[in-house]
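User: I have a structure open and want to learn how its features get their labels. Can we go through it step by step?

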Amino acid sequence: MNYDLNIEQKSSTGAALRKMLQFMSSEKKELYLAFFVMLLNAGITMLVPYVIGYTIDHYIKNSDYKMLMTFSGFLFVLYIIWAGTEYLQTKLMGGVGQRMLYALRNQVFEKLQQFPVAFFNQNKSGDLISRINNDTDKVNQFFSQSLMQFVDSIFTMLGAAAFLLAINIELGAASLVPGVCILIFVQLVSGWVKKKNAGSMKSTGGMSAEIQESLQNFRTIITFNRRDYFRKRFDEVNEENYKAAIGAGLANNIFTPVFTLFSNIAQLIVLAFGIYLITKGQFTVGLLISFIAYVQNFYFPLRQLAALWASFQTAMAAWDRIAVILSLEAPAEKVRELNVKSLNFGQSPLLEFSNVSFAYPNGKQVLNDINFKMEQGKTYALVGPTGGGKTTTAMLIARLYDPTEGMVLLHGKDIKQFEASERTHEIGFILQEPLLFTGTVKDNILYGNEKYKDFDEEKLMEVLQHEGLNQLVQRFDDGLKTKVQANGESISLGQKQLIAFIRAVLRKPSLLILDEATANIDTVTEQLLEDILKKLPQETTKVIIAHRLNTIENADEIFFVNSGSLQTAGSLKNAMSMLLEGKRAS
Ligand SMILES: Nc1ncnc2c1ncn2[C@@H]1O[C@H](COP(=O)(O)OP(=O)(O)OP(=O)(O)O)[C@@H](O)[C@H]1O
C-alpha cells in the first residue's frame, strides 16, 4: 500500500468544508449559539443606518429634539448590545477553535499510532511534525478568529443588499453590480490562491524535515565536516520556503485592492445616481445618507472578506494536509477473531513462511516465494551478504511488515489473526539499532512489559537476578537508575544493545529474534549473553542474524538469505562457502 502523503490530493473546497463540519459536530451547541449571537450582531449593524436616516428625515428636519434624544438613547442601547455580541462571539469561537485544535492534534497523533512501519518509511517525520503543529494551528486560527467574522460579513452583506433593494430597487441594483463583478473574480482566483497556500505549507513541511535530519545526524555532519553542505541545503529549502511564502502572501493579498476598487466604484455610482434622483424629487437626503451607509455595510464586509477569504483558503489547504492523514486506512491489525488459548500449541511448527514474497513500498523486491519452518525450542541462524534480506525476513516474522504475497503462520495460524498484544508477547525482537526512550534504564527495560511494569527497583533486581540478567545491569554506572536519552547519546551502542537484550529476554517470548544483537558488545559480555540465552526456557525458539559466524556455531539450522531466495545451508562450513561464492559471483 502506498502511504505517501505528498501525492497531490484533489478535493473541492465544498467537500473539504463538509468534512470539516462533520468533524465539528460535537461543537454543535456552541456553534448554534455563536450563530445566534452573530445574527443579533448583524441585525443591529443592519438597523443602525435605517434608524439614523429615519431620525434625520423625521426629527432633525422638524427640529423635534425630544424624539431626537429618544432615538439617540435607542441607538446607544443598540451599540451596547452590539459590543456585547462581539465579545460573546469571540469568546465562543475562541473556545471552539482551541477545542478543535486539541481534538485534531489528538486524532492525527492517534492515527499515526495505527500506521505500520511502511508509513514512516515513506514520510519524513519533520513533515509530519509540521502537519501536527503548524497546519492544525492554521485551521484553529480560521475557526477562532475568522469564521464568525466570515459568516457575519456574509450576513451583513446580504442584509445590506436587501435594504438597498428595498429602499430603491434601481439604485440598489446599480450599487450591487460591482459586487457581482467581485464574486466572479473570487470564483476565478480562489483555486489558485489555495494552491499557493498549499505550496507554502508543503515547503514549510520540507524545511522542518530538513532541520530534523540535520539535527538528528549532527555527529556524522561534524565528523565529515559537512556543515557547509548542510548549511547550503538548508539555505536552499529556506529560500524555497521564502519564495513559496511570498507567492502565497501575494496571492492572499490580491483580493484587497480589487475589492477596494470595486467598492469605491459602487460609492461613486450611488452618489451620482442618488443625487440625480434627489434633483428629480424621487429621493430624500435622509434616504441617500442611509443608502450610502448600507452601501458601506455591503462593501466594507466584502473588503473584510478579502482578508478572510485568504485565511479561509489557507485553512482549507492546511485541512487537506491533515485530512489526508485521517483518511488513510491503517491495515487491519487483526483479520479474524482468534483465541490464542484455544490453539493447539506444539502440533504445528512455531513459525512458518508459506510462499512468502515481499517488496518494499518503493517497489524493491526483497523476497521471492520463500518457504521455511521453525520448530519450537530450536535455534536458527540467518546468514547472507549485506543487503541480502535477513533483517527484512526478521521483520516479516515479527509482523513489522506484511508479505506482499503468501502467508506467515504462527502456531499454524495466519499471524494477522493475532492481537498485537498476543503477537508481541509471543515474539521478541532485538533490533539491529535498538531504540530507547527518555527515562532510566529501568523504564526502558520494563517498556511494554505488563508483568513487571509496577515492580520497584528492589523487586525488579530480584527478578533480574533470577534470570541471570543482574550482571548486565552492572555495566551501567547507576544501575537501573542510569539516565537514558531518547536519542541515545548518553550511553554507548553496546549498552543500548544490552538494554534491548534485557527488555526482550525478560518478556520470555516463544520466539526471540536477535538481529546483530551482540555486534557492539565485548567478548566477555557476549559470553555472558550466550549463557543467559542458554538459560531461557527450553521451548524458546531463537532466530539469530549474525555476520560473525562463530556466534551461530550452535544453531540447529542455518538459512542462507540472498537475492530473494532463502536456502538451507546445512552446516556452518556450507554457509561459509555460500557466502564466499556469493562474494565471488558479485
Ligand atoms: N525501508 C526500505 N525501503 C526500501 N528498501 C529497503 C528498505 N529496507 C531495506 N531495503 C532493501 O532491502 C534489501 C534487504 O535489506 P535487509 O536490511 O533485509 O538486508 P540484510 O540482509 O539484513 O542486510 P545487513 O546484513 O546489512 O543488515 C536491501 O537491498 C535494502 O536496500
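This is a predicted model: local features need pLDDT of at least 70, side-chain atom pairs count only at pLDDT 80 or more; totals for chains, interfaces and linings use all residues.

User: Which share of residues 147-167 is helix, and which share is strand?

Analyst: That span is also listed as transmembrane in the unreviewed UniProt entry. Residues 147-167 are 100% helix and 0% strand. Their end C-alpha atoms lie 30 Å apart.

User: How do you know what span to expect for helix H3 (residues 65-114)?

Analyst: Take 1.5 Å times one less than the number of residues. H3 has 50 residues, so 74 Å is expected. From first C-alpha to last, H3 reaches 73 Å, which is close to that value.

User: Why are some residues of H3 called buried, and which are they?

Analyst: A residue is buried if 20 or more other C-beta atoms lie within 10 Å of its own. In H3, Thr85, Gln89, Leu92, Met93, Val96, Gly97, Met100 and Leu104 are buried, so each meets that cut-off. These buried residues pack against helix H2 (28-60), helix H5 (125-167) and helix H10 (285-327).

User: Why do strands S4 (residues 405-410) and S5 (residues 413-414) count as paired?

Analyst: Pairing needs at least two bridges. S4 and S5 have two, so they pair, in the antiparallel sense. Leu410 has Lys413 in S5 as its bridge partner. The two strands form a hairpin with two residues between them. His411, in the turn, has a positive phi of about 50 degrees.

User: How many bridges join S4 to strand S1 (residues 351-359)?

Analyst: Five, and the strands run antiparallel. With at least two bridges needed, S1 and S4 therefore count as a pair. Ser357 has Glu405 in S4 as its bridge partner.

User: What is the strand order in the six-stranded sheet?

Analyst: The order is S6-S9-S10-S3-S11-S12, in an open sheet with mixed pairing.

User: Why are S6 (427-430) and S12 (565-568) called edge strands?

Analyst: Each has a single partner strand, so one side of each has no neighbour in the sheet. For S12, strand S11 (residues 557-562) is joined to it antiparallel by four bridges. There, Phe559 stands opposite Thr568.

User: Which helix lies across S6?

Analyst: Helix H16 (residues 493-506) lies across S6 and strand S9 (511-515). H16 runs at about 175 degrees to S6.

Definitions and conventions:
Residues are numbered from 1 along each chain as its sequence is written. UniProt positions are given in the numbering used here, feature names are shortened, and annotations may be inferred rather than shown by experiment. Two residues are in contact if their C-beta atoms, placed from the backbone, lie within 7 Å. Axes are lines fitted to C-alpha atoms, for helices over the stretch in contact, and angles run from 0 to 180 degrees between N-to-C directions. A residue is buried if 20 or more other C-beta atoms lie within 10 Å of its own, exposed if 12 or fewer, and partly exposed in between; C-beta atoms are placed from the backbone.
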